[in-house]
Amino acid sequence: MDSSTPGPAAHDFKEYAERTFAHIPSGLVVLSNHMRVLTANRAFLQLFDVDAGSVEGLHVLDVIEAPGLEEWLFDASFGAASKHEAVVPMRVLGGPQRQAHLVVTGMRLAEEEEEEEARVLLAVEDLTERERTYRALARSEARLAEAQRIARLGHWEWDVESQSLWWSEELYRIFGQRESDFRPGYGDFMSLVHPQDRERVERTLQASLETGKPYAVDHRITLSDSTIRHVHEQGQCHMDSEGRVVRLTGTVQDITDRKNAEARLAYLAHHDPLTGLPNRTLLQDRVAQSLASARRHHRLVAVLFLDLDRFKRINDTLGHAAGDHLLVEMAKRLSAVVREGDTVARLGGDEFAVVLTDIAESDDVSLVAHKLLEAFSHPVELGGNRFQVTTSIGISLFPHDGGASELLLQNADTAMYAAKEAGRNAYRFYREEMNINLRQHLRLEQALQGAWERQEFVVYYQPQVDLVRGEVVGAEALLRWQPKEGEGATPDRFIPILEETGLIMDVGGWVLRQACFAAQQWRKLLGRALPVSVNLSRRQFTDEGLGMRVTAALAESGLPASCLDLEITEGIVMPNPQQSGRIMAQLREAGVRLSMDDFGTGYSSLAYLKRFPLDRLKIDKAFVLDITSDPNDAAIVRAVIAMAYGLGLETVAEGVENEEQVTFLRHHGCHLAQGYLFSPAVALEDFQTLIMTGKRFLSQNG
Ligand code: C2E
Ligand code: MG
Ligand code: MG
């Protein structure tokens with residue numbers, strides 16, 4: 001081809017070449033040997049959104065900005081064979097930047113150098129979109145990998161024909177394998193599946209291969225360090241045109257954490273977190289199971305309801321940590337007593353239940369109940385002190401006392417109340433009439449709630465008589481309930497309920513104030529002191545505000561502290577002797593006198609009394625009742641009086657009903673007495689009338 005002498009054919013060719021040049025989809029720019037733009041094709045102009053006129057004739061570096069371009073042009077203008085290419089950001093006439101594949105090629109069209117001769121060709125391929133897509137793809141791949149890592153989700157592909165298995169990165173991590181030294185195959189995968197799950201997994205996979213249906217299976221895997229993980233696996237078959245399965249793809253997700261959390265939740269839903277014993281829910285399941293089996297085999301099932309006696313007191317005085325410790329210890333002891341098939345459960349608070357299965361006769365249950373009581377008999381160490389804890393047990397039997405777990409539990413609960421009423425540390429079998437007692441108890445509880453608001457309480461006073469002079473030397477304030485409607489109850493019945501419900505704090509405080517005002521009035525009437533005795537309940541005694549309440553009552557009424565005597569029973573003092581001693585010392589310090597009430601009914605020995613700052617001992621009426629007929633009681637009362645004398649305590653006999661008792665008591669040196677022989681407790685006005693008459697109760701001195 002001779003280009004120096006263009007002929008018609010050459011002319012045709014030139015036109016052809018120009019048209020081609022114009023239509024080539026890549027951007028092309030031709031530069032002169034002075035690096036001026038000779039021409040730019042349509043693709044280039046469109047790409048950078050410029051027109052031919054605005055670029056032609058300009059120096060290329062005034063038109064195109066691209067890193068490295070200047071050096072490449074320099075190369076190209078000297079060596080025709082030079083070619084540079086790179087993906088670079090490009091800008092034309094300061095327009096928007098595009099990512100381009102730029103090729104700079106030198107060319108020489110003729111031997112002679114001519115001003116307007118094409119010397120350099122720039123080819124530009126726009127990569128902006130492609131780069132963007134690539135970047136987006138890379139980003140989404142990274143995101144997917146990240147998501148899979150977070151979800152602990154791996155995926156795999158299995159080619160059935162070649163038996164080759166491909167694993168994703170995360171899958172290697174889940175199976176605890178390194179990509180470099182593990183080639184996944186079907187057999188290797190199966191060897192990682194937990195032996196107990198292997199058959200199931202294989203069956204599932206096989207079924208999917210046969211039916212072509214997707215599958216899902218949860219199973220365990222065993223890692224090389226023998227840790228066990230739970231995975232959720234899902235797979236899907238891919239068929240060829242003839243319906244043959246050629247490929248399987250699927251995912252494996254590590255669900256160990258979820259499984260563990262589920263197991264923990266299931267455990268918590270059925271167990272008491274403190275003791276680890278089954279809770280009420282699980283207990284009911286167990287009872288239901290036991291009942292089903294007992295029905296088939298014609299056996300008995302026993303439900304034992306246990307409530308620790310006076311647990312609340314330990315919890316309140318020693319704190320919750322000590323209470324918890326005690327509960328855990330008791331849970332252990334209970335569990336040690338029963339057989340393997342039996343259940344010990346904690347129902348909440350200090351309530352436990354024991355279910356005995358496969359029982360032949362009720363005597364067997366008594367035996368276990370005995371053992372349970374015995375298990376409690378040795379003291380528990382709590383904060384350096386030893387505590388004797390007892391429990392009350394109620395028992396119901398299947399089928400006699402109920403055919404369903406709810407009723408059996410409820411009846412055992414009722415029987416437990418009966419055991420408490422019988423003096424605690426005891427067990428009772430359920431009897432139908434117990435329910436009636438319990439209902440009465442609940443009715444009374446309700447009635448008492450309103451009694452305080454309706455002001456149905458009154459304080460009565462029972463004179464205390466000096467056994468030497470026959471004079472009234474004091475009075476005991478005794479609470480009475482006079483309901484405006486319905487039946488009342490005796491203090492022996494309603495005071496424990498006031499104590500249980502906490503109402504005693506209000507009512508007892510009120511009694512204290514009433515008594516102080518009354519005694520202050522007597523002082524004025526008589527012109528001499530006539531002390532009043534007020535009974536304190538456990539709650540009142542252990543309440544931190546006691547000292548304050550007492551001083552406030554004295555201050556309000558103007559009664560000297562020495563005219564107030566507080567009565568406490570052994571049952572209140574003994575469970576925590578140290579604390580009790582401190583409280584008593586404080587009261588004594590305030591000038592108040594202290595009496596040990598109902599002495600002889602509790603568990604303290606006389607020697608123990610030395611530890612407490614007491615003024616008086618009140619001999620319980622149970623002993624006084626029989627002193628003239630029962631030599632034992634007579635001996636006890638004699639000993640008590642003598643011992644009290646030795647300790648410098650005054651003695652008061654309660655429940656004196658006849659002259660013989662008075663004779664006996666006086667003879668043995670008892671100082672004071674209360675009882676129906678002199679007067680029952682009477683209303684304030686009646687008591688005042690009595691003291692104003694200056695009545696003497698005893699005829700003879702001696
Ligand atoms: P307590 O402190 O031992 O009171 C003596 C009880 O013996 C009183 O019973 C009294 O009425 C009764 N009694 C008096 N003389 C005789 C007698 O000759 N024979 C017989 N068999 N009994 C006699 P009451 O009033 O029924 O009170 C029972 C218990 O209730 C009291 O026993 C006391 O522990 C408690 N209580 C009464 N009032 C209060 C109170 O205001 N606060 C507290 N915390 N407890 C109280
Ligand atoms: Mg009393
Ligand atoms: Mg008493």
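D598 is partly exposed, with a relative accessible area of 24%, whereas E654 is buried, with a relative accessible area of 8%. Here buried means under 20% relative accessible area, exposed means over 50%, and partly exposed lies in between, with a 1.4 Å probe and protein chains only. The model is predicted, and for this reason local features need pLDDT of at least 70 and side-chain atom pairs count only at pLDDT 80 or more, while totals for chains, interfaces and linings use all residues; side-chain values use heavy atoms, with hydrogens and water left out. Residues are numbered from 1 along each chain as its sequence is written, and chains are lettered from A and ligands numbered from 1 in the order in which they are written.

D598 and E654 both belong to the site of the magnesium ion (ligand 3), which is coordinated by D597 (OD), D598 (OD), E654 (OE) and E654 (OE), at 2.0 to 2.6 Å. The donors (N, O and S atoms within 2.8 Å of the metal, or 3.2 Å for Na, K and Ca; water is not among the atoms, so sites may look incomplete) follow the spacing D-D-x55-E along the chain. Helices (H or I, at least four residues) and strands (E, at least two) are DSSP runs, numbered from the N terminus.

## The neighbouring magnesium ion

The magnesium ion (ligand 2) is coordinated by E476 (OE), N535 (OD1), E567 (OE) and D597 (OD), at 2.0 to 2.2 Å, and these donors follow the spacing E-x58-N-x31-E-x29-D along the chain. E476 lies in strand β20 (residues 472–481) and E567 in strand β22 (residues 564–569), so the pair ties together parts that are 91 residues apart in sequence. Both E476 and E567 are buried.

What connects the magnesium ion (ligand 2) and the magnesium ion (ligand 3)? The link is D597, which bridges the two ions, and they lie 3.9 Å apart.

An oxygen atom of ligand 1 is 2.9 Å from an N or O atom in the side chain of E476, while a nitrogen atom of ligand 1 is 2.6 Å from an N or O atom in the side chain of E657. A nitrogen atom of ligand 1 is also found 3.5 Å from a polar backbone atom of S537. Of the 790 Å² of accessible area that ligand 1 has on its own, the protein covers 87%, by the Shrake-Rupley method with a 1.4 Å probe.

## Strands that run side by side

Strand β24 (residues 616–619) is joined to β23 by 3 bridges, and these two strands run parallel; two strands pair if DSSP finds at least two bridges between them. S595 has R616 in β24 as its bridge partner. A further 4 bridges join β24 to β25, again in parallel, and here K618 has V652 in β25 as its partner. Both faces of β24 are covered, with R616 and K618 on one side and L617 and I619 on the other, all of them buried.

Elsewhere, 6 strands form an open sheet in the order β2-β1-β6-β5-β4-β3, and the pairing is antiparallel. Its edge strands are β2 (37–40) and β3 (64–65), each of which pairs on one side only. Within the sheet, strand β4 (residues 83–92) and strand β5 (residues 98–106) pair in the antiparallel sense over 8 bridges, and E85 stands opposite V103 in β5.

Conventions: Polar contact = N/O pair within 3.5 Å; in protein donor to acceptor, adjacent residues only side chain to side chain.
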